[in-house]
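Subject: Structure handover

Hello,

Here is the structure I said I would pass on. My notes on the ligand site follow it.

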Amino acid sequence: MHPFTLERPRDLSAALAFPAHSGRHDAPTEYIAGGTDMVQLLQEHVRRPERLVSLAGLLDNSIDVGPQGLRLGAAATMADVAAHPAVIEQFPVISQALLNSASPQVRNQATMGGNLLQRTRCPYFRDVGYSACNKRAPGSGCAAIGGENRWHAVLGTSENCIAANASDLAVALVALDATVEVRGASGQRTVPLIDFYRLPDATPQIETVLEPGEVIAAIAVPANAAARRSHYLKVRDRASFEFAVVSAAVALEMDGARIRQARIALGGVGTKPWRVPRVEAALAGTTLDPTTLRRAAAVAAEGAQGRGHNDFKIELMQRAIVRAVEIAGARA
Ligand SMILES: Cc1cc2nc3c(=O)[nH]c(=O)nc-3n(C[C@H](O)[C@H](O)[C@H](O)COP(=O)(O)OP(=O)(O)OC[C@H]3O[C@@H](n4cnc5c(N)ncnc54)[C@H](O)[C@@H]3O)c2cc1C
Ligand code: SF4
């Protein structure tokens, strides 16, 4: 492990005074929360900050559900959010996305903020034995394009990076129009989660719109009629402790047998959590008839680009949408 200094500031203002940067690769100072992703990357020499600033004990860990919707403090753990009765009842897709993530041990330790800022599972990014990775070493190339790319994205890719975003939670939150409360030394701002993540384009090492010294303080999910009838479907290579090959977060507002409003986001296929508004529009006003669902889901493939090993994801994501809509639609 590269040597670093660990700072344990007494309060958040002191932490924000450090020019730390999350989600960008070359930062000399970085934050650490639960440490479940950061420590692994430090051990593998993937990240080599000179200073780590601990956020432990500095951020809100509350979980509040009210008429406005759901508010999650950035320090709330994955386990606590997943098990919260009001989250299970009113926002089941969030609880399911979390319970389908990682392991009980990791979920007990990992935080909401850290989950949204975990780094990609691209094996070339996580193994410094490979020199070509634009995300880890800007300008070095991309070993996954033309390499082993079964796990990689088919939507939102660029010629510089095709890494998939790994967070299941983010997919569920994007389907529900969540926003993140960002706090820095100069104040606070609110960013829709879908705009929080950047596409790789020419700078895949910059993953979010966070500026140096800013932290995620909280997540807000607006109240929505569709959230109660929601489902997270995750397709993975084994039943637990595994990231998504493809996932679909679906929330439906029904009018009898017809879909009044559908909200759908995909995981495992995008360089960021991928909302599919054209599929949602195609589903509005339709029934749960399989042929109709299949036709609407096909719209998700527009613009998708496989790179060989991951071509199967283009068909699989359509099937995941159909199945997730059927399951959500069958909920009482
Ligand atoms: C074996 C294993 C399996 C896993 N499987 C899954 C899975 O199936 N699905 C899934 O979604 N995830 C999975 N994960 C990832 C896991 O969810 C993340 O490691 C965890 O959520 C990170 O949270 P943390 O608090 O430990 O973050 P840390 O490791 O402490 O930090 C992660 C990143 O977030 C930044 N950060 C943390 N908090 C903040 C904040 N409030 N503001 C700004 N920056 C911040 C840090 O600087 C760092 O860059 C798995 C992890 C492991 C180890
Ligand atoms: S896909 Fe992105 S993270 Fe993976 S090797 Fe290419 S540049 Fe690196």
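**Contacts of ligand 1**

In this predicted model, an oxygen atom of ligand 1 lies 2.5 Å from a backbone N or O atom of Tyr 31. Two side chains also come within polar-contact distance, for which the cut-off is 3.5 Å. In the side chain of Thr 36, an N or O atom is 2.6 Å from an oxygen atom of the ligand. For Lys 234, the corresponding distance from a side-chain N or O atom to a ligand oxygen is 2.9 Å. Taken on its own, ligand 1 has 970 Å² of accessible area, and the protein covers 96% of it.

**The site around it**

Around it are 33 residues, of which Tyr 31, Gly 35, Thr 36, Thr 111 and Asp 168 come nearest. By type, the shell is made up of 17 nonpolar, 11 polar and five charged residues.

Which elements each supply at least two residues of that shell? They are strand 2 (29-32), helix 7 (112-116) and strand 8 (215-222). Helix 7 gives the largest share, with three residues.

At the level of domains, ligand 1 lies between domain 1 (5-54) and domain 2 (230-330), because both contribute residues to its shell.

If you want one place to start looking, Tyr 31 has the backbone contact described above and is also among the residues that come nearest to the ligand. Thr 36 is in that nearest group too, with its contact made through the side chain.

Regards

Methods. Residues numbered from 1 in each chain as written. Chains lettered and ligands numbered in written order. Predicted model: local features only at pLDDT ≥ 70, side-chain atom pairs only at ≥ 80, totals over all residues. Heavy atoms only, no water. Near = heavy atom within 4 Å. Polar contact = N/O pair within 3.5 Å; in protein donor to acceptor, adjacent residues only side chain to side chain. Areas by Shrake-Rupley, 256 points an atom, 1.4 Å probe, with all protein chains shown as cover. Helix = DSSP H or I, 4+ residues; strand = E, 2+ residues; numbered from the N terminus. Nonpolar A, V, L, I, M, F, W, Y, C, P; charged D, E, K, R; others polar. Domains from an automatic or database assignment.
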